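Reader: I would like to go through some side-chain pairings before setting up a calculation. Please show the structure.

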Amino acid sequence: MNTNNEIVIVGGGSGGISVASRLLRISPELKNHITIIDPAQFHYYQPLWTLVGAGVARKESSERTMASVIPEGVKWLQEKVVRFMPKENLVKLGNNETIPYDFLVVAGGIEINWDGVKGLKETIGKNGVCSNYSYEHVDYTWQLIRTFQGGNAVFTHPATPVKCGGAPQKIMYLAEDSFNRTGVRDKSNVIFGSANPAIFDVQKYREALEKVVERKKIDARFRTNLIEVRGEEKQAVFENLDTHEKEVVSYDMLHVTPPMQSPEFIRESPLANEAGWVDVHKYTLQHNSYENVFGLGDSSGLPTSKTGAAIRKQAPVVAKNLAAALKQQPLAAIYNGYSSCPLVTGYNKLILAEFDYDKNPDESMPFNQAVERRSMYVMKKDLLPVMYWDGMLKGTM
Amino acid sequence: MTSSYEHIESVDSLSAALADPEVKQSIANLLHRLPELEKGIGSLEDVVDFGQTLLDDQPFIDGVESKLAIQQLDMETLAALLALLEKLPSLIAAINKVEESLAFVTAISQDSESLDYLTEQANAYAAPVMEEGRKGLTFIAAVKNKAEQDHQRYSIFSIFKWLKDPAVQKGFRYINATLETLNEKQAR
C-alpha cells in the first residue's frame with residue numbers, strides 16, 4: 001500500500017470517527033495519514049436524548065469533547081468545510097484553506113431546519129413546545145411531561161427524512177406511560193401528527209406498533225404535516241399532505257420533530273444527487289462518479305433509515321472498501337441496507353426493529369423482536385451507550 | 001597484424017582514459033586509500049577463516065544440527081500443516097473477533113465515564129433490592145432486640161393466646177388450603 005496516500009474524512013460524527021478507527025485497525029500504516037475535518041467542540045450520543053426527555057437519563061452522559069473521541073493517530077482539523085472540489089481532489093475550508101486528499105470520506109450528517117416550520121424557532125423551549133432533537137431543549141421535554149396536568153399532548157413527525165425515524169413516536173409512548181403513572185392519562189389526549197402514511201415502514205413491526213397505538217388509545221393522524229406553531233396561542237397548524245387542508249390543533253404540550261435536510265455544503269456540491277444527498281453506490285458506498293470518494297451516514301443518499309445502527313454497519317463497509325481501493329483491489333464489502341430502531345414503547349418496554357433495504361426484518365436476536373421486551377429496554381438504556389463510546393467509535397463494534 | 005593493431009588500439013584507449021582528469025583523480029584517491037583497503041581485506045580474510053574453522057568444528061556442527069532437527073516432520077505433520085492452512089481464513093476471522101472483544105473490554109476498562117455510567121445503572125437496579133434487604137434487616141434487628149429484652153415466662157396458655165393472632169390464623173388458613181388442594185389432587 002502506498003502510505004503516502006492522504007485520507008480526508010469530512011465529519012467527526014458516528015460515521016467519520018468509526019471509519020477512521022476501522023481504517024487504522026485494518027491498515028495501521030495509515031497512522032498520521034487520516035484527517036477528520038469537523039468544526040464541532042463536542043460529540044453527542046443522540047439516541048440517549050429520548051431517555052433524557054423521558055426523565056430516565058442525564059443528558060450530560062450523552063456529551064463528550066470531540067478531542068476525546070478522535071482516534072489516536074488521526075489528525076483533527078477543527079474547521080468547517082464549505083466546498084468540495086472532487087475533480088481537483090480538494091476540499092475548501094471556512095478559513096479559505098484548501099486541503100488536498102487522495103481519498104475522501106463524506107460523513108457530514110444531517111441538518112435540522114428549525115426554520116422549516118413557521119414560528120417554531122421563536123417558541124422552541126417555551127410555551128409548551130419542546131424537542132428531543134436539541135441538546136439545549138431536551139430537558140424541557142421532561143419538564144413538560146412530568147408537570148403535565150392533562151389536555152392535548154401533541155407529537156409530530158415531519159415530511160422530510162429524519163435521523164432516527166422512530167424517535168418521534170418513542171417519546172410519545174414514554175410520555176403516555178408517564179401520564180398513566182402521574183394519574184393524568186384520563187384527562188389527556190395523546191395525538192400523533194405524522195407525515196408518514198403509517199406508524200412504521202416494516203410490516204412486521206408496523207403490526208406490533210399498531211397494537212401499541214390502539215392499547216394506548218393514541219389519536220394517530222397520518223399524512224399530516226406540522227407547518228406552523230403559534231406559541232402564544234398554543235396552537236399547532238397541520239396540513240393534510242393529500243388534500244392540502246389545514247387544521248388547527250390546540251395543545252398543552254407539543255413535541256416537535258423538526259424538518260431536516262442535507263447540509264448546504266453537501267447539497268450544493270458536485271458530490272450530491274438530485275435530492276441533495278451524497279450520491280453513493282447503495283452496496284459499496286463508493287461515490288457513483290468519483291472513485292476516490294466514499295460516503296456513509298445521514299448525509300448519504302442511501303435508501304434506508306438514517307440511524308446510528310445503520311452507520312454501525314456502513315462504517316466497516318466503507319473502511320474495507322477504501323482499504324481495498326488503496327491497494328487497487330476490487331471492492332468486496334457489501335452493505336445490505338441494514339438499519340435498526342429500538343422502539344421504546346414505555347418505561348421498561350422496547351421493540352427492537354431491525355431491517356434491510358427491502359424492508360425485510362434482519363434480526364440479530366434469537367427471539368421474536370416484534371414483542372415488547374424489558375431485556376431490550378435494558379440493552380438500549382444501559383448497554384448501548386457504552387457499546388457506542390467504547391465499541392463503535394473504537395472500530396470494534 | 002590484426003593482433004598488434006588491437007593492442008595499439010587498447011593502449012590508445014587506456015591512454016585516453018588516463019588522460020581524463022576524473023579518472024586521474026579517482027586513481028589518486030584509490031592509491032591514498034590503499035592502506036585502509038588492505039586492512040579491510042585483512043578483516044574479511046579473518047571472517048572467512050573463522051567461518052572455515054566453524055565448518056571444520058564437527059562437534060559444533062552436530063550440536064547445531066540436533067538443535068534445528070525437526071524430529072516429528074513426517075507426512076502426518078505436513079498434512080496437518082495443509083489442513084491448518086485451509087482453516088486459516090476462519091481462524092483469522094475468529095481471532096479478529098476475539099481481538100475486537102478484547103479491545104472493547106480494554107476500552108471500557110480505560111474509560112472512566114463509561115465505568116461511571118455502568119456503575120450508576122447497576123446501582124439503579126440494585127437500590128430497590130438493597131432497600132428491601134435493609135427493611136428485612138431492620139425487622140430482624142427489632143425482633144432480636146425485643147426478644148433479648150423480654151424476660152417473661154411463657155406457658156401453654158401463652159401459645160393458645162398466639163393462636164388467636166390474625167397472622168397465625170392466616171398462616172393456618174394457608175396450611176389448610178394447601179392440604180385440601182393436595183388431597184383433591186391425590187383423589188383424582
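This is a predicted model: local features need pLDDT of at least 70, side-chain atom pairs count only at pLDDT 80 or more; totals for chains, interfaces and linings use all residues.

Reader: Is A:Glu354 buried or exposed?

Author: A:Glu354 sits in strand β22 (residues 349-355) of chain A. Buried means under 20% relative accessible area. A:Glu354 has 3% relative accessibility, so the residue counts as buried.

Reader: Which side chains make polar contacts with the side chain of A:Glu354?

Author: Setting aside neighbours within four places in sequence, A:Glu354 is in contact with several residues, including A:Tyr205, A:Tyr338 and A:Gln369. A polar contact of 2.9 Å is made with the side chain of A:Gln369. Another, of 2.4 Å, joins A:Glu354 to the side chain of A:Tyr338.

Reader: Which residue forms a salt bridge with A:Asp177?

Author: Side chains of opposite charge can pair when their charged atoms come close. The closest N and O atoms are 3.6 Å apart, and the partner is A:Arg181.

Reader: How many residues apart are A:Arg223 and A:Asp242?

Author: A:Arg223 is partly exposed, with a relative accessible area of 30%. Its salt bridge with A:Asp242 has closest N and O atoms 3.0 Å apart. The pair links distant parts of the chain: A:Arg223 is in the loop between β14 and β15, A:Asp242 is in the loop between β16 and β17, and they are 19 residues apart.

Key:
Residues are numbered from 1 along each chain as its sequence is written. Chains are lettered from A and ligands numbered from 1 in the order in which they are written. Side-chain values use heavy atoms; hydrogens and water are left out. Helices (H or I, at least four residues) and strands (E, at least two) are DSSP runs, numbered from the N terminus. Buried means under 20% relative accessible area, exposed over 50%, partly exposed in between (1.4 Å probe, protein chains only). Contact means heavy atoms within 4.5 Å. A polar contact is a pair of N or O atoms within 3.5 Å; within protein, one must be able to donate a hydrogen and the other to accept it, and residues adjacent in sequence count only if both atoms are side-chain atoms. A salt bridge is a side-chain nitrogen of Lys or Arg within 4 Å of a carboxyl oxygen of Asp or Glu.
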